[in-house]
Amino acid sequence: MTPAATARAHTNIALVKYWGKADTDRMLPQTSSLSLTLDQFYTDTTVKFDPTLTADEVTLNGERLSSQASGKVQRFLDLVRPTGNFARVNSTNHVPTAAGLASSASAFAALAGAASRAAGLNLTRTELSRLARHGSGSATRSIFGGFAEWTAGTDDASSVAHPIDEAVDWPIAVVALVLNAHQKKVSSRQGMQSSVTTSPFYPAWKDVVARDLTTIRPAISQHDFQQMGEILESNAMRMHALTLSAQPPFTYLNGDSLITMQAVQDLRAAGTACYYTLDAGPNVKIFCQTADLPKITQTMADLFGPEHVIVAHPGPGIQFLSSPAKF
Ligand code: DP6
């Protein structure tokens, strides 16, 4: 029996989004993408392979998952499991209560770390990034801290992330508005696939991403906040335009998303540099400079209540922790 291994991975928010696969079996994306790992939201996962088990046993936030609910985890474990071994997996999402921000990015990055170590493999971070990709595309980037770019690549080995600026010596923050914690109706997996196959704007999206990556990299390295902000906001809106232009059309935005977006535009018109982005859900995330946090958090707390406002900063890459004594 191999020893248990525990890994912690943080979630990330994309500034240039991944929205579409070129190869669904191999999890190769249509485009590269770029994100910032956040310190506030993370997953801790412990894995132990045990030859006496007859099936994988997966516990999430203290609740044992049914075999059906843990199908994605079981298939992921198949990539590393020692022959004939099933695993005990215990995973906890550290996200503020009912935040609805639990992310497949931190989940599969942590699982990649813990499962590979538990299987006796000592993978490099690049290899972990490749492995995490098979669980969820956005997990590819969560292996690294700070700003990271996932290069689309052309095959399994080349489709990996790399750090752009892990230390992030730049006083920036992300204000997350937690407006809706409900399960989304259209998963990102379904939503992006529908966008690829039915939106007439998909070819233009690929050009947008290529251009945005070219301009956002120097904005990040030169700490040009306005330039970075303008790109990340328009990139998010163009991603959401793909859902509105899909057949059948759908959207992740709700009324509160629009109210938040308008409030950010108003703050900006009044001289506060801040920019919004949204993933496959209605919760808006606002990029800002830390000096402007009091103004922005107050404005959002006045609109929605302080319990809906969470401040995050750049976070670290994958960490290996000592496993709980009894597991
Ligand atoms: C909008 O990584 O959740 O957050 O690869 O199918 O698991 P799968 O999708 P997922 O999609 C993330 C989409 C996004 C944009 C991004 O994180 O780049």
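This is a predicted model: local features need pLDDT of at least 70, side-chain atom pairs count only at pLDDT 80 or more; totals for chains, interfaces and linings use all residues.

Me: What makes the Thr43 and Asn93 pair a polar contact?

Reply: The cut-off for two N or O atoms is 3.5 Å. The Thr43–Asn93 distance is 2.7 Å, so the pair is within 3.5 Å and gets the label.

Me: Why is Thr43 called buried?

Reply: Buried means under 20% relative accessible area. Thr43 comes out at 0%, so it counts as buried. Thr43 belongs to strand β4, residues 33–50. Leaving out residues up to four places away in sequence, Thr43 touches several others, including Ala7, Ser91, Ser106 and Ala110.

Me: Which residues come nearest to the ligand?

Reply: Tyr18, Lys21, Ser136, Gly137 and Ser138, out of 17 residues around the ligand. The side chain of Ser136 has an N or O atom 2.6 Å from a ligand oxygen. For Ser138, a polar side-chain atom is also 2.6 Å from an oxygen of the ligand. Taken alone, the ligand exposes 460 Å², and the protein buries 94% of that.

Me: How do you know that both domains take part in the shell around the ligand?

Reply: Domain 1 (5–168) and domain 2 (172–312) each supply at least three residues to that shell. Helix α5, residues 188–198, gives the most, with three residues.

Me: What makes up the shell by class?

Reply: Seven nonpolar, five polar and five charged residues.

Technical notes. Residues are numbered from 1 along each chain as its sequence is written. Side-chain values use heavy atoms; hydrogens and water are left out. Helices (H or I, at least four residues) and strands (E, at least two) are DSSP runs, numbered from the N terminus. Buried means under 20% relative accessible area, exposed over 50%, partly exposed in between (1.4 Å probe, protein chains only). A polar contact is a pair of N or O atoms within 3.5 Å; within protein, one must be able to donate a hydrogen and the other to accept it, and residues adjacent in sequence count only if both atoms are side-chain atoms. Contact means heavy atoms within 4.5 Å. A residue is near a molecule or strand if one of its heavy atoms lies within 4 Å of it. Accessible areas come from the Shrake-Rupley method with a 1.4 Å probe; for residues, only the protein chains shown count as cover. Ala, Val, Leu, Ile, Met, Phe, Trp, Tyr, Cys and Pro count as nonpolar, Asp, Glu, Lys and Arg as charged, and the others, Gly among them, as polar. Domain bounds come from an automatic or database domain assignment.
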